[in-house]
Amino acid sequence: MKKACFFFFLLFSLQAFSQKVALKNNLAYDALLTPNLSAEFSLGKKWTLDTQVGMNFFFYENDATASGYRTRKWSHWLVQPEIRYWTCETFNGWFLGLHAHGGQMNVGGINIPFIIQNHSREMKKHRYEGYFYGGGVSAGYHWILSSRFSVEASLGLGYARIKYDKFRCTSCGKKTGTGKADYLGPTKLAVSIVYMIK
């Protein structure tokens, strides 16, 4: 009898916490040629856990002397989990978030603003390969369109620690050294189409 009660309680609990799951695609990342997908899970009446994964391997070529190599590149992958508190109810209205992020990058020929301990104006002349990690805070709003579809927008600010290998120019493979940098600025920008799984 005790096992049956425990099994019933377990099923009821799982059903209560799995009533709402959202799959999302961030259109802002799509515009930056970064295919992405997020899954968000309800953790109760006011809390959810969102995990976003994105990657851009377009124009990616390790060999800088190869014909397919581009002098400007923004190749990367990232993972960004976020815990969210909803002011009204989950998947409806305003939310506040706390996120972490990490990933790898191969960037050349572009400037990235808000870099501390680094001259961002000189970034356009070089190529950087490495990884990053950090976190930040965010706020957003969720508009319900129907029982299955919604639209969501959010903006986050935060910090990232970057460790990299620096290369002489954007189209050559000669390494000139290693380094570290700190980024402070926007860490999340999302305008997402949301599909609810109930």
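Is Asp50 buried or exposed, and what is its relative accessible area? In this predicted model, Asp50 is buried, with a relative accessible area of 1% (buried: under 20%; exposed: over 50%; partly exposed: in between; 1.4 Å probe, protein chains only). The model is predicted, with local features requiring pLDDT of at least 70 and side-chain atom pairs pLDDT 80 or more, whereas totals for chains, interfaces and linings use all residues. Residues are numbered from 1 along each chain as its sequence is written, and side-chain values use heavy atoms, without hydrogens and water.

The protein chain contains two helices and nine strands (DSSP runs numbered from the N terminus; helices are H or I of at least four residues, strands E of at least two). Their order from the N terminus is α-β-α-β-β-β-β-β-β-β-β. Of the 198 residues in the protein chain, 39% are buried.

Asp50 belongs to strand E3 (residues 47–56). Beyond neighbours within four places in sequence, Asp50 is in contact (heavy atoms within 4.5 Å) with residues including Lys24, Glu82, Arg84 and Lys188. The side chains of Asp50 and Lys24 form a polar contact at 2.8 Å (a pair of N or O atoms within 3.5 Å; within protein, one must be able to donate a hydrogen and the other to accept it, and residues adjacent in sequence count only if both atoms are side-chain atoms).

Thr90 is located in the loop between strand E4 (73–86) and strand E5 (93–108). Thr90 counts as buried because its relative accessibility is 7%. Residues up to four places away in sequence aside, Thr90 touches Lys20, Ser42, Gly44, Lys45, Lys46, Trp47 and Thr48.
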